[in-house]
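Please examine the model shown below before reading the account of its helix packing and chain contacts.

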Number of protein chains: 2
Amino acid sequence: MEKLILLCNDDGIEAPGLQYLISFVKDFGKLVVVAPETGQSGMGHAVTISSPLRLRAHSPIDDIERYSVNGTPVDCVKMALDKVLDRKPDLIIGGINHGANTSVNILYSGTMAIALEGAMLNIPSIGFSSLCYDHNYDMAHYGKWVKTIVEITLKNGMPDSTCLNVNMPHSNEIKGIKICRQSMGYWDESFDARIDTHKKPYYWLRGDFNLYEKPEDSDEFALEDNYVSIVPVKIDLTNYEFLADLTKQYQ
Amino acid sequence: MEKLILLCNDDGIEAPGLQYLISFVKDFGKLVVVAPETGQSGMGHAVTISSPLRLRAHSPIDDIERYSVNGTPVDCVKMALDKVLDRKPDLIIGGINHGANTSVNILYSGTMAIALEGAMLNIPSIGFSSLCYDHNYDMAHYGKWVKTIVEITLKNGMPDSTCLNVNMPHSNEIKGIKICRQSMGYWDESFDARIDTHKKPYYWLRGDFNLYEKPEDSDEFALEDNYVSIVPVKIDLTNYEFLADLTKQYQ
């Protein structure tokens with residue numbers, strides 16, 4: 001049977017990264033696009049529970065069905081599975097995100113929220129991100145790597161509760177693919193304090209991302225060395241190493 | 001030195017769960033409240049990057065400073081650390097949430113996003129949730145358990161990148177505390193399809209949560225048996241068990 005592939009993103013249905021993704025994977029099966037109407041960066045795993053959602057059909061491009069939802073990336077996946085697709089897809093792909101989703105940023109990432117939704121349902125899922133934030137960036141050279149990863153994933157499937165976090169360097173000289181672990185880091189926030197036209201103060205978030213470490217087997221290391229990084233991500237956040245010690249604390 | 005404790009929630013600064021939390025922990029140190037202006041359920045780890053944020057001082061209650069932010073729970077933590085507190089807090093607490101945050105729901109939870117933000121900065125952090133969704137629920141009997149957990153956490157600290165996910169049964173007959181691992185589950189979504197007053201269709205999210213498993217060492221099992229569950233949560237989502245096999249697939 002032809003493979004059914006759901007595509008989504010967090011930069012909105014018209015974002016260039018999504019169009020590149022479509023062009024790279026269109027020969028792997030039947031594609032259906034369900035993506036947010038507008039950019040949803042920073043929405044992480046948010047779901048819309050307090051307001052109504054609209055589902056809008058867009059003109060197909062190259063016979064590919066396209067729909068938008070006035071909500072978050074996770075809303076799109078849930079809507080696609082319940083109201084758009086007639087069966088469980090064989091693969092869910094988020095991206096290609098215009099910007100990095102390395103390290104702990106998986107928690108803030110709408111692109112990875114898409115893949116995590118798939119993992120929760122044991123559907124093989126991948127989030128693709130580019131380290132370049134410029135929407136005009138030419139992603140054509142990512143095609144080779146995206147196709148390789150999609151092909152291997154469709155062939156081998158994925159363990160339960162697991163998805164892939166793929167980040168691609170901002171470079172035309174990519175050396176290959178490395179399987180990595182997530183590096184650990186944090187944001188050093190400093191809100192910009194400003195005054196509005198009514199003389200009232202407001203703040204705008206800005207911050208610098210810092211790494212605690214960059215070991216050789218981590219995503220950040222691989223990317224700096226111009227490799228595509230793949231982190232297999234599992235939605236079990238239990239700190240197993242701490243379980244025994246914590247149990248003792250409560251005895 | 002007196003302990004500095006940051007309190008936040010996702011049900012909004014006036015939610016009863018937060019007032020219970022304040023009353024339970026006020027003797028452990030200096031409390032500062034920075035919470036969303038309004039309810040933020042389902043916002044998960046969302047951050048506000050595309051619109052301005054306002055920080056509003058509320059009247060202190062029992063000399064406890066209170067501030068609201070017109071944003072998400074994570075916005076509140078970031079704003080507190082950058083603009084409200086004069087030093088890194090000794091503890092960050094989210095809650096008490098009106099509703100469960102067990103199993104994989106940590107990904108959707110604003111309460112746990114608060115704790116995860118703390119974990120990212122290596123600040124001991126706890127998210128407290130009640131399995132009761134009713135804002136009028138009398139939480140007084142939770143005091144004993146909340147105090148025990150806060151006391152032990154302040155005494156022992158926490159490993160890097162780790163926080164606690166605490167859920168409390170909807171019951172007055174709580175038997176004790178169990179240290180658990182996260183159970184695995186998923187949402188079975190079925191959007192309600194409705195017609196608006198202009199005859200246009202819209203959808204409203206609803207769903208049923210299902211478990212894949214409920215082993216004896218899991219949070220869901222402990223709660224059903226009327227224990228408070230504590231899952232130590234680490235923000236490293238790497239699927240280490242899959243690393244070797246995945247590496248082979250790309251050789």
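This is a predicted model: local features need pLDDT of at least 70, side-chain atom pairs count only at pLDDT 80 or more; totals for chains, interfaces and linings use all residues.

Residues are numbered from 1 along each chain as its sequence is written, and chains are lettered from A and ligands numbered from 1 in the order in which they are written.

Helices (H or I, at least four residues) and strands (E, at least two) are DSSP runs, numbered from the N terminus. In helix α1 of chain A, residues 16-25, the buried residues are A:Gly17, A:Leu18, A:Tyr20, A:Leu21, A:Phe24 and A:Val25. Here a residue is buried if 20 or more other C-beta atoms, placed from the backbone, lie within 10 Å of its own. Viewed down the axis of α1(A), these buried residues fall within an arc of 160°, so they line one face of the helix; the arc is that of the directions from the helix axis to the C-beta atoms. An α-helix has 3.6 residues a turn, so residues three or four places apart point the same way. The cover over the buried residues of α1(A) includes the strands β1 (4-8), β2 (30-36), β5 (91-98) and β6 (125-130), together with helix α4 (143-156), of chain A.

The axes of α1(A) and α4(A) come within 9 Å and cross at roughly 60°; such axes are lines fitted to C-alpha atoms over the stretch in contact, with angles from 0 to 180 degrees between N-to-C directions. Residues A:Leu21, A:Phe24 and A:Val25 of α1(A) meet A:Gly143, A:Val146, A:Lys147 and A:Val150 of α4(A), contact requiring C-beta atoms, placed from the backbone, within 7 Å. By class, the residues of this contact are 5 nonpolar, 1 polar and 1 charged. Ala, Val, Leu, Ile, Met, Phe, Trp, Tyr, Cys and Pro count as nonpolar, Asp, Glu, Lys and Arg as charged, and the others, Gly among them, as polar.

In chain B, helices α1 and α4 pack at an angle of about 60°, with their axes 9 Å apart.

Between the chains, 58 residues of chain A are in contact with 58 residues of chain B. Elements giving two or more residues to the side of chain A that touches chain B include α2 (73-84), α3 (110-120) and α6 (240-249) of chain A. That side has 36 nonpolar, 14 polar and 8 charged residues.

Conventions: A residue is buried if 20 or more other C-beta atoms lie within 10 Å of its own, exposed if 12 or fewer, and partly exposed in between; C-beta atoms are placed from the backbone. Two residues are in contact if their C-beta atoms, placed from the backbone, lie within 7 Å.
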